[in-house]
Structures are given as C-alpha cells and as structure tokens.
Amino acid sequence: MKKVIVHPERCVGCMQCMLACAAAHSRSGTLLGALGEAPLPRSRIHVGVGAFDEGFPNRCRHCDPAPCMLACLPGAIYRDASSGTVLVDADRCINCASCAMACPYGVIRYHAVWDGPPEKIVAVKCDNCLARQAQGLVPACVEICKSGALTFEAPDRAARRRTDEVARSVSSGAICPPPAPGFALLAAHKRARAEVPAG
Amino acid sequence: MQYVIIGNGIAGVSAAEAIRRIDPDGPITMIGDETGPPYCRPMISMVLEGRIGPERLPVRGRDFYDRLGIMPVLGRRATAIDVDRRQVCIGERRCAYDRLLIAAGADPRPIRAEASNLGNIFFMRRREDVHGIHHALDAGVRRALVLGGGLVGFKAAYGLIQQGIPTTMLIGSAYPLSMQVDARAGAMIREALVARGLDVRVNLEVRAFDGNGAVRQAHLSDGSHLDCDLVVVGKGVLPARSFIPAERIAVDLGVVVDDHMQTCVPGVFAAGDVAQFVDIARQTPWVNAIWPEAVNTGRIAGFNMAGRPVACPGTLSRNVIRIFDLDVMTAGLVNPPEDGTCQILQAEDHRRRTYRKLVLRGGRLVGMAMVGRIEQGGVLTALIGSRTAVRGNPERLLDAHFNAGRLVS
Amino acid sequence: MTHHHKGKTITQDGQLLLRKAETDQIETVWDRHQAQLPQCGYCELGVSCRVCNMGPCRVDPFGEGPQKGVCGADADIIVARNLGRMIAAGAAAHSDHGRDLVEVLAAVAEGRAPGYAIADPAKLDRVAAEYGIALEGKTAVQVAGELAHAMQEDYGTRKKELTLAGRAPAKRRELWRRLGIMPRGIDRETSEMMHRTHMGVDNGWQSVLLHGLRNALSDGWGGSMIATEVSDILFGTPRPCPTQANVGVLKKDQVNIIVHGHNPVVSETILQACQDPELLALARERGAAGINLAGLCCTGNELLMRHGVPMAGNHLMTELVIATGAVEMMIVDYQCIMPSLGTVAACYHTRMISTSDKARFPGMEHHEFHPPNALEKARQIVRLAVENFASRGESYIPVEPVPAVGGFSVEAVVGALGGSPGPLIEAIKAGRIRGAAGVVGCNNPKIQHDQGHVALVRELIANDVLVVDTGCAAVATAKAGLKTIEALALAGPGLQEVCGALGIPPVLHFGSCVDNVRILVLAAALADALGVDISDLPIAGAAPEWYSEKAVSIGAYFVASGVYTVLGPMPPIAGSANVVKLLTEGLTGAVGAAFAVEPDPNQAAVLMRRHIEAKRRALGLEAIRV
C-alpha cells in the first residue's frame, strides 16, 4: 500500500504543500475558492525550521500504536482499518488538547473545519487525503511538491531507494556529486551563518 | 490462564484489551464498584461545566464486557487479597486468579471539618458526584465553596463559574495548581479565573460546616465565616489500598511495581492511580495518578499478564488545561528543587501572551511548562519521556517557532 | 522573547530597546523574520520566476522535478534574469535619488528653490569642467544650470559613454569598452535590463550578467556619483567633524526630531528649520531646552558628514528608536523605510511624516516637499514636532552616546594627506598600511545586528588595513567606537603610526550609500598615481550584512570596477552553479575581480587580507602569507 514518505533533506521550505493541503481540505477544493471561505481552511502539514533555519516538512506519521489515539479522552481518534490512517471524529472531539500533549511530532492543530460541527473547535490532523485517494488522486501535498521532499509510494520501495542512495554515496571509487550542488551550497552557507560566533 | 482485574477504570479496561490481543480465551473477571460501562473520569468536570452531556462519558460501548468476554462483578469492592491461595475476596465471595491486576484507582482525600457530612457537600471523583452537584444547582445555589486548588478543585471552580455560580476557592498555596504548574503560569491561571469572578482566598481552611440538613455556612480557620450552599471538596486523592495485604504486597504511597508493572508477588500486577513506579523526570518512586499513565500502565500490565514481556521506562506527570482563552501544558519537573542541579530557561512573550519554561538536568529536558501556543507541546513531553539528550543550544526549544525539525537536524 | 535579544544584536542600546519593545508589545523586524522561517528555498536559490504569466515557475534543485520554466528558461537563465532585475532596481533607486538632486540644482539655477543654494562653488566649477562646461564670465547659478542640464543628459541615451566614467583609469575604461559594458545612459541601462529580462529577449545567462555589470556601472559612475557630487555642490563637501552615535543622541529635555531615508534634499531643510530662532523660542516656550535633530540611515549620514548631526542608529534600529518614546517626530524621504514604522509609532506620541511624492507609508502624515516649498514645509512640520513635545509620555534613553569623527570626503582625505594621495601610497608601499578596505552595506536580521560590520572591521584594522566605510556599516562602526582617535589602540602598529601622524581614526566615515562612489574616486586616484588599474590595487570591499537591491548594484559596480568584494549573506544565485562560478571565479578573468560569499566576518577578513597581500605581491611589494 502506498504511503506519503517525507524526505526532509529535499525540502526547500517553499511551503507550497501547506497551500495545497489547505486548499484540498476546503469546501471548494481550490486555492482561490478557499481564500473566501469561512472557516478558512488550514494546512495539516506544517513546514517548520530545523537547526539552521532550513525547511522541515512536519506531517502526521499515523503511528501504530498512535499516542494521540491512546491519549484521547472521548475516544474521538480512531484508525481507519483499510488505510491505517489515524483520523479524528470531529463530533466526538472535545478540544481538550490531550492529543497535543501526546503527539511527539506536534502535528495536531485546533480549529473549526467546514465539514465538522459548525463553529466548533476540534482537533485537526492529516487524513492522508483519503477523499482525494478515493478519486484516484495522490495526496495534495505530494502532488504539489516539485523537489521530491514528499513522495507517495510503497514504503519498502522508498526504503530500497534510500538504501541504494546510501550505498552509492559510500562505495569507494564511485564519485557521485551531491544531487543538488546549488542546494548543498545554500545549506552549507546557512549552516555557516548559524555557526558564526556571536559578538 | 485465569485473570482477575480489580477496577473498571481506564487502567483495568486498557489491561483487559491488551490481554485480549494476546489471549483471546482466558477468562477475565473484572471487579468494579462503579456500575455501567467504563467512562472517562477526566471528562466529568466538562459535564459539570455543561460543555458535554453525561451520555458522552462512556469510553467503551455498553457491549464492552460481552465483546471482550469479561465477567463483570459490578457495584462491589474487593475487600481482601489472599496471596497464598491466589484469590480475591469480595465480601464472602472469592474469586480465583492466575494473574491479578490491582487497578483499584484512588479515592478522594477526606477533610477534617466538623459536620462535613451535611448535604450539598460533594467530592468530584465520580459521575454520581457531578450528578449530585447538578441536582443541587437545579435546586438553586447562591454561593459555592471549593476546597483545594489542585486539579479537581480547579476544575470544579472553573465548571461552577462557567455555570454562573458565584464561587469562592480556598487554597493552601499562593496560586491554583501549584503541584502542576509553576508560579508564573499559576499566576496567569489565577488572573484568568479571578477576572471571570472567582473569589480566591489563600492560606485558609474550613474548621466546621453549619446547616440544617444541607450546608449553609463554613467556619474558616481565621475565625471568619462564609455563607455557602454548595461545597466541592478537592483536596487530592489517595490510592485505594485498604484491602491490600501490606505484609505480603509491598505498598508505599501506592502499590510498588517493577518495570513490568508486577508487584513483589509474582503474578500480581498493579496499574493506574493505585500503582507506584519510577517517575521519569524525577527518577524517584512516584504515583502519577493521571489518565494517560493509567492507559499506558494498564496496557503494559495487560501484555505482561498475558505473557508478552513489555517494559515501561517510567511514568511522567503531565497535564494540559484549557480555560477561557488560556492554554496551559506542563510535563515532568516543573518546579525543580533549588539545589543547583537543574538549569531553568524561561521566555515570556507579552505580545503573543505566551510563556515557556524548560527545566534541564544533565543535558536532558526533565520538565516544561507552557502557556499559549501549546500545539507542539507533545514534542517537548516526548523529549522528556524519552530522556533524549538535547543537542545544540536548548534555548532554541523556547522559540515560538519551535518545531520538531529543531531536534533532528 | 527575552532569552535571545543578545543573539539579535551586539549593540547595548539595541538589546535594551528590544526588551522595551517586548514589554510594549511592539512587533519588530526580528519577529517578522522569525515568522517567515523557513524562507522559500526556490526563491533563496533564485530559481523561481515570476517574470511572465505563463508562470509562475520554479526549477527543482534536485533534478527530478521541472528543470525549465514554461518558456523553456533553465536555472541559469532564471537566476541570471532575477539577479539582473535586482541590479536594475538597485541602480534605479540610486539614480533616481541622483535625479532628484539634479532637479534641485536646476531649480536653484532657475531661482525656484528658495531653501537651497550653491554651498561649494569650487566643487561646482570642478565638476562642471569635467562636463566640458566653459566657466569664464558665468555666475555660479549659470554654471549650475548648465551642469544640471548636462547631467540630465547623462540620464538619457544621447551619448556613448557617461561623463563621469571618465574618472575611471584609462585601462579600466578600455576594458569596459572591450567587454561592451561601458555605461551609456543611466536610465538606458536600467531600461535595457528590464527589456532583456522580459520573456523571450536575452536568454544568454552570461550576456544578461554582463549587462548587469553595465547597469551597475551606470549607477556607480553615473546616478550615484551624480547624487554625491550634486549633494556636495548644494550642501557642501564634507570635512572631518566630530559627531556622536547610538540612541543616546536623543535628548530627554529637548524636542527630538529624526530624519530617516536617503536624500539630503529634505533633511537639509529640516536642519535649517531646526536652527530657526523663532522655532527654538517656541520650543523653549513649550518647556523644551532646544530642538535636537538626529539621523537614521543614510539621510542621517548625509547630515552627519556635512554638519556633524548625530546618528541615532542604522537600519535595524529604526523601529527601536521610536520605542524610546522620546521621538517627537520622524521625517522620512525614501528607501529602506520599513512600512512597519507607522504601526510602531502609533504606540507612542511620535508623529510620522512622509515627504516624497514617490514614497508613501501606512500610518504616516504626508507633507510633500518640492524645491519651491521645501523650507516653508520644513518650518511647518518642525513646528508640529515642537508642539508635540507636550504629548511625550515616559521615555527611555538607555545609553550614553558614543563619540565619532565623520566627514571624510575624498577631498578631505587628500587634504589630510597634504594635497595628494602620495603619502598614503608611500605608507602602502612601505607596508605600514597593507592596503585599504571598503566596508559597506546594510543590516539584515539574518546576521547578528552590527556583528558582521564590527567584527570584520576590527579584524582588518588590527592587521593594518585602512578601512573606509559607508551607509549602515559606517553607523555600526561609529556606535562601536571605531571612529575615534582612541580606536587607534585597536589598530596594528603600522596603521596606528600612519593615522596617528595624520590625526585620523583607523576607520574613515565616507558617507551614505550613494557615497560609495567616493571609494571609487579614491581608488581611481590611487590607481592613476601608481599608473595601474583599480584591479591591481591592494584593496578589497565587503558588504557583511547587506539586504537591499541597492547593495547588489553596489557590489556589482565594485566588482566591475575591479574591486574584489566579499558578501555576508548569500545572494539568490545558488540555484545555478554556472552563475555562481562566473560571479565567484569567472569574472576575475573578465574584469580582474570577483565576488566571494562568507557569513563569518572573521573568515571574511582572512579572504580580504589574502587578496590584499596577493595584490601587493603582484605589484612587487613585500607581502605576507595570510
């Protein structure tokens, strides 16, 4: 089964996945339409910053066991058996933030959603774009990502690809340039900037 | 394998579910003095507030006992444990076990005040307590008195002022939730409550109550008295351990367990509010009587009882509170001893109305408190729970823009 | 947040006022920078393109996603076009500033500018002679009219070469002609850059970049140079004078007026109005001991250079200065004025005044200045400022000002040397001074405020490199106390000896950011005296905290003029390895100088000293290994 795989080393921090996610979870389903909606849709993927201000795409891992699910007081968080997706039942949710305290990745937010109880603040998180997947589409964040930081593939295939990449980079004699010299240069510059001793 | 679980709170329920994932057939007997399907204890204060109806309390369906093949013994308390014969006594009745889980929970700490048996004086531990308080409110309450500024007292006071009841809170410390939060966060909570009309009085106790059937007045330790027609007592809880043979099963404040949730008697386990294990942040024996640890320790006990060894690294005190527009989350050692072993980092942002405090010991995060923007507090809680060494400058973790990415790169 | 104010700025006034701003719930540039993180990597790499409406487009730096925009432009073309447009914007800003000065000069000639006069007729004559204007029998006003006209022609396209480019050494001019980058018209090069970078025009990334150099030269040897020269003619050529810097220049018992922006056209009239006896009397009537004018950024530098007007701070201090609560009025013209200032001022009694027809800001009152009405307008708004003194609430001026010396025009430096650059050349030849460095540019919240400037300059002077600085860099070193004779204690023995004998500090304030051309003029004079090109000189440039498009233009004209230039923050070019290689290596073959990028000021100092010593070696002078 295909899953969204995050490759943080490829995130350029453009935040386009956030726009696409918010738009995909709006009533209209489009960016321009979403801007006029109430409640405004919000992204469920969160691009934050790493140690030297580089981008870091932070997204629900749909853990198993899921700490949020175990911590949920009213039992509103459940797992969709067929896809393994951890979902929130907006009607049962009591906005107690117990899941915020449990989530080790900090990817749950609290706000009203257009397809939930009107004006009720509820826990909101990644739903793997199950509605889009039902239409044969890939999750919105993957579709918009042009740098390969988010892919939709079978986990074993992704793992194999990663193993191959590591093997290539450490094999002796094989001179392989970094996949993106410009991006590596920018990252090195940011790292150097972060490490300049303070005056 | 024959299982007996004393307690039908969330620890017992989680244990039964864990047992069933491994052992589908072994008979399970569950003894609980509260009847009905298991419900969510932390949510009873939301029923008091009126935020949810009592029908929302159950965390499992009415078919819970049937579905899991559990024989329930409800409305009764275990009275003794016969360790030699491997039996639990429920009055005259005896129940044999191969594996026993003590998940009897805790009972409210009683108060020593004259006439504390008058009507309209309540604890707030059980569903029935809130039912009773609602009943009293329906009959008309002019002023309520809440004893204690701990979690229960705080939640009761919050619920009562949300219901529009003029309420006075008597607390022993300078601010509410002194066991959960630090002075700064406590002051913010107090300000929020006082701004909504709560009357907070510190360093005062009730000596006696007065009334004709129902409470009418409280006499305070400073000689003054206070008219009140509803009292909620929230002076903390004590592990329910009266039926446990202390000469056989090691009991300290709670029932002492090892990292497999087993007591010193093989085959006898304990979990939830009654169990005493190691606190991860404090690295000392501790009773963390909170819902998420009841789920966690119950689950681990269940796996071990059914024969799958699972170790628990320890328990962690933590709380999250949302009142009015104030969000507060705390975990671990929030008020560390002033012995110089801990580094404290604090940041307050008036513009965003946020406050953060981190407590570090030996390069590890051991405690945190945050007010406002708590969405990512779980990252810090997990950092405490996993005892991961903090790499780089820990001040980065204070940033409003803090993100899990700060930890991995 | 209290915990990291120290990480934001090295300045004490900055740290204390950040705490005040936090208490007062003022959002600052640092907060907004934090909120922007992470910044878009496509844009940081320069590989996003918004030039046309088939787009917007971006190129995947990892090679798997799109590699070309809709039009077919690859990363090289997109990066080059974006950089070209940055240069065009920077050159346009400086040059339009120059144009405004020329218009004042023309208005003076026509008698339509009562608040202005020819302050330096000797310089007027010198510059007019360069423009081939006959001086005999003409009044200064007549000469001014002809010069204004000739300069306005430089903005157009009627000539093949800009007049003031003639100041560059002959070798350099020949090189520009050979490369086809000799600047022709000031507006023409900017206009042509916008044309070339339109979709479907110049898609040779090298040719776009070469035109970028030409566009930048039209600024350095054109628009900016005109701005500086006309400012000297109208307001006086700077000579060394004492001044003070940091927030401590505000006075508790006086009406504090701040001028912020770049063009002295407005701030000079404000200075006149602040000295008006009638307004001073009004100030005393309102309980103030006087009217205290102080500067921010480059319009402040203009007044500092010519009149010793004290300097309250540089770019990143502009919000914090208002947070003192001690500013009755801030008067702005244009460039580098954060649109947030009006919001900050709304929390205090400070009145915010915008003055330029081309620069408006939220939360500011607009009082438009034109040459005919400028002095009268200045008196009106200074009166408003004086009347606002009574509304001042609690104020917080947490530091004492630091003394500094400003006012080093080329004329002043040559004067200090006894009339010719000879003594300086002798000191360099003897190795007592290893060489000279121009440290210029802005502040940028990506770099700890002032640390880039101050750490670099300390390192340079300690190693006997004479430093000239401008703009926000100059304010940074003034606040750090490096512009005093006492700072010679921090200089190496050779620099200490030479500057000590001349009675000048080791770090010379060369003026505002358009005044970077003073560095070009001095470099050209040194090169001519030695009979070499600028690229042969033991000199280097740096922009350790640059942020603006103007800085990109400055960097490009420095390099195109033969000055090796080290940038602190990375420009948005890393998405094209070809462009990076050309700008950091390839340009050396073409113009004898290139860029380097180094965020660590101590490392940047090493790069600059290494370059200086290599140039010394090439000139046959004694050199050391760095």
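**Exercise 1. The contact between chains A and B**

How many residues does the contact take from chain B, and how many from chain A?

Some ground rules come before the solution. This is a predicted model, in which local features need pLDDT of at least 70, side-chain atom pairs count only at pLDDT 80 or more, and totals for chains, interfaces and linings use all residues. Residues are numbered from 1 along each chain as its sequence is written, and chains are lettered from A and ligands numbered from 1 in the order in which they are written.

*Solution.* 
- Step 1. Apply the contact rule: two residues are in contact if their C-beta atoms, placed from the backbone, lie within 7 Å.
- Step 2. Chain B gives 31 residues and chain A gives 27 residues.
- Step 3. Find the elements (DSSP runs numbered from the N terminus: helices are H or I, at least four residues; strands are E, at least two). On the side of chain B that touches chain A, α7 (291-305), β22 (318-323), β23 (326-332), α8 (377-385) and α9 (405-408) of chain B each supply at least two residues.
- Step 4. α8(B) has the largest share of that side, five residues.
- Step 5. Sort by class: Ala, Val, Leu, Ile, Met, Phe, Trp, Tyr, Cys and Pro are nonpolar, Asp, Glu, Lys and Arg charged, and the others, Gly among them, polar. This side of chain B has 16 nonpolar, nine polar and six charged residues.

**Exercise 2. The sides of a helix**

Which residues of helix α21 (residues 493-502) of chain C are buried?

*Solution.* 
- Step 1. Count other C-beta atoms, placed from the backbone, within 10 Å of a residue's own: 20 or more means buried, 12 or fewer exposed, in between partly exposed.
- Step 2. C:Leu495, C:Val498 and C:Cys499 are the buried residues of α21(C). They lie on the same side of α21(C) because they cover an arc of only 90° around the axis. The arc is that of the directions from the helix axis to the C-beta atoms.
- Step 3. C:Pro493 and C:Ala501 are exposed on the other side of α21(C).
- Step 4. The buried residues of α21(C) pack against α18 (422-430), α19 (451-462) and β12 (465-470) of chain C.
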